[in-house]
Amino acid sequence: MTGIEWATARGMGALAEKMGIEFTEFTLERSVATMPVEGNTQPVGLLHGGAYVVLGESLGSMAANLHAGPGRLAVGVDINATHTRSATSGIVTGVCTPLHLGRSVTVHEIVVSDDQGRRCSTIRITNMIKDLPGGAS
């Protein structure tokens with residue numbers, strides 16, 4: 001099963017689905033997803049800062065779980081974001097790459113860019129990996 005097949009079968013969760021997040025690439029080395037600006041804005045029409053973080057956490061947590069493998073679970077323990085530009089229309093694209101892939105901890109960086117390829121937000125997420133009770137997947 002490919003990474004994108006695994007991610008599609010697992011699903012991204014109700015919040016990511018409501019926000020319109022869609023995976024376009026998903027491997028251990030690089031994961032990519034898009035999200036529309038429309039429907040995810042703050043009152044003044046800018047993409048909500050929290051929406052950037054939802055996109056980043058969705059990508060980083062799913063990538064960490066792919067790395068964790070069967071019978072293990074990755075859970076977020078820290079996330080931070082620096083927003084450097086505001087998207088106001090179109091879609092944004094998040095590109096997630098691993099900074100550290102260990103047995104118990106992963107760290108991923110997610111760069112979110114607008115339709116013109118301009119960086120809007122840089123997100124870093126740390127996930128803890130633990131064994132599931134009974135080794136279930």
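Predicted model: local features only at pLDDT ≥ 70, side-chain atom pairs only at ≥ 80, totals over all residues.
Six strands make up an open sheet, and reading across it gives the order β1-β2-β4-β5-β6-β3, with antiparallel pairing. Strands β1 (22-26) and β3 (72-83) stand at the edges; each has a single partner strand, so one side of each is left without a neighbour in the sheet. From one strand to the next, the twist averages 25°. As a reminder, strands of a sheet pair through backbone hydrogen bonds, either parallel or antiparallel.

Helix α1 touches β1 and β3, and its direction makes about 150° with that of β1. Helix α3 lies across β1, β2, β3, β4, β5 (105-113) and β6 (119-131), and runs at about 40° to β6.

The two helices meet each other as well. Helix α1 (residues 3-10) packs against helix α3 (residues 49-68) at an angle of about 110°, and their axes are 11 Å apart. This angle makes α1 roughly perpendicular to α3, because values from 65 to 115 degrees are counted that way. The crossing of α1 and α3 is right-handed. On the α1 side, the contact involves Gly-3, Trp-6, Ala-7 and Arg-10, which meet Met-62, Asn-65 and Leu-66 of α3. Sorted by class, this contact of α1 with α3 has four nonpolar, two polar and one charged residues.

Conventions: Residues numbered from 1 in each chain as written. Heavy atoms only, no water. Axes fitted to C-alpha atoms, helices over the stretch in contact; angles between N-to-C directions. Helix = DSSP H or I, 4+ residues; strand = E, 2+ residues; numbered from the N terminus. Parallel < 35°, antiparallel > 145°, perpendicular 65-115°, else oblique. Left-handed = near helix turned anticlockwise from the far one by under 90°. Contact = heavy atoms within 4.5 Å. Nonpolar A, V, L, I, M, F, W, Y, C, P; charged D, E, K, R; others polar. Pairing = 2+ DSSP bridges.
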